[in-house]
Amino acid sequence: MIDKIKELIAEADAFKAQSKEEVEAFRIKYLGSKGHLRAFYGELKNVANDQKREFGQIINELKTTAEAKVNTLKEALESEEEDKGIYGDLSRPSEPIALGARHPISIVKNEIIDIFSRIGFNVSEGPEIEDDWHNFTALNLPEYHPARDMQDTFFIQTDPDILLRTHTSSVQVRYMENNQPPIRTISPGRVYRNEAISARAHCFFHQVEGLYIDKDVSFADLKQTLQYFTTEMFGKSKIRLRPSYFPFTEPSAEVDVYWGLETETDYKITKGTGWLEIMGCGMVDPNVLENCGIDSKVYSGFAFGMGIDRIAMLLNQISDIRLLSENDVRFLEQFKSSL
Ligand code: PHE
């Protein structure tokens, strides 16, 4: 019998449980009213007197072993449960991390910066709240000049000298005021115009303007630079320059790229002509150079400017400009796989 009890002690000692139910079953088996311990206590009276002491001790050992086991198992299971309460199930797979996507405007802007930086242009930036000088007057647009009507402007009501810049040409003025040629810089940024919001126009949009000033810069240099750009950006090298007018450039031109007429979309976006207008450009007017402290007898240069939003819409077939500023995640998520 003593061997049997020793066996049970070893068994109790080695017992492991995963749940409270298992612990309870163990307790009943050893310590319950029909359990091992009760049975052995019952046997005690049949044991010879000289063995009673040893027998009693061994039963007590079984009792303390079983009780201790029940207590430690219960405690362990309870603290596990507490952990679950605070942290949840620590072994569960974690929540998926939602990766953001770059905005289509940023994707196109970065691409343009990349293309021009490969031919030595740096990036310059300036304030969105400008003064009249940098946005208009220095650019050959004095007060009451009719060309100011080309760009409907948001003025700050209390101070007509302060406005929201209508183009990033203002950054070029600042750059020329602070740097002498050779200058090769592009100025990306947000601009504002007081226009009715529709699918095709917004009261703010984004531009990249470029400026190149050095000795002997010619119109041929301008054309070559633009051709390099359209080839890199759109994979299209055929361009044409149509005479146009900007107060700050002379001569001025509108740049069309030959998009082709291969698909229905090509027909739609080029109105059946195959040609797509993408930017304005020209040779910087000598007056502008002088206004910015650059000697126009020594230096000449060209400038160009394009809308990023239009290009982003073109490349991604976005039909409504408002989508670009509504921050609808369903729209933005579509650009995850882009650059
Ligand atoms: N600043 C002009 C605009 O906003 C674009 C342009 C820039 C045209 C440089 C010619 C030269 O429309």
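The structure is a predicted model, in which local features need pLDDT of at least 70 and side-chain atom pairs count only at pLDDT 80 or more, while totals for chains, interfaces and linings use all residues. Residues are numbered from 1 along each chain as its sequence is written, and side-chain values use heavy atoms, with hydrogens and water left out.

## The ligand and its shell

Around the ligand there are 14 residues, of which the closest are His 167, Ser 169, Arg 193, Gln 207 and Glu 209; a residue counts as near a molecule if one of its heavy atoms lies within 4 Å of it.

| Residue (polar side-chain atom) | Ligand atom | Distance |
|---|---|---|
| Arg 193 | oxygen | 2.9 Å |
| Gln 207 | oxygen | 2.8 Å |
| Glu 209 | nitrogen | 2.7 Å |

Taken alone, the ligand exposes 320 Å², and the protein buries 91% of that; these accessible areas come from the Shrake-Rupley method with a 1.4 Å probe, and for residues only the protein chains shown count as cover. The elements that give two or more residues to the shell around the ligand are strand E6 (204-214), strand E9 (275-284) and strand E10 (300-307), and E10 gives the most, with three residues. Helices (H or I, at least four residues) and strands (E, at least two) are DSSP runs, numbered from the N terminus.

## A buried lysine and a buried helix

Buried means under 20% relative accessible area, exposed means over 50%, and partly exposed lies in between (1.4 Å probe, protein chains only). A salt bridge is a side-chain nitrogen of Lys or Arg within 4 Å of a carboxyl oxygen of Asp or Glu; for charge, Lys and Arg count as positive and Asp and Glu as negative, whereas His and the chain ends are not counted. The side chain of Lys 69 does, however, reach the backbone oxygen of Asp 13 at 2.8 Å. Leaving aside residues up to four places away in sequence, Lys 69 touches Ala 12, Asp 13, Ala 14, Phe 15 and Phe 26, where contact means heavy atoms within 4.5 Å.

In helix H11 (residues 308-316), the buried residues include Ile 308, Asp 309, Ile 311, Ala 312, Met 313 and Leu 314. Their cover includes helix H5 (104-117), helix H8 (219-234) and helix H9 (264-269), together with E6, E9 and E10.

Just after H11, Gln 317 takes a positive phi of about 50°. Asp 216, in the loop between E6 and H8, has a positive phi of about 60° although it is not a glycine, and Asp 216 is exposed, with a relative accessible area of 71%.

One runs from Pro 181 to Pro 182, with omega near 5°, and Pro 182 lies in the loop between helix H7 (169-178) and strand E5 (183-192). Another joins Glu 250 and Pro 251, with omega about -5°, and Pro 251 lies in strand E8 (residues 249-258).

## Salt bridges

Side chains of opposite charge can pair when their charged atoms come close. By the rule given above, the count comes to twelve salt bridges. In one of them, Glu 277 pairs with Arg 242, the closest N and O atoms being 3.4 Å apart; this pair links distant parts of the chain, since Glu 277 is in strand E9 and Arg 242 in strand E7 (residues 239-246), 35 residues apart. Glu 277 is partly exposed, with a relative accessible area of 36%, and Arg 242 is partly exposed, with 30%. A network of salt bridges links Arg 240, Arg 242, Asp 256 and Glu 277.

Elsewhere, the side chains of Arg 330 and Asp 328 meet in a salt bridge (2.7 Å, N to O). Arg 330 counts as exposed at 65% relative accessibility, whereas Asp 328 is partly exposed, with a relative accessible area of 25%.

Notes. Polar contact = N/O pair within 3.5 Å; in protein donor to acceptor, adjacent residues only side chain to side chain.
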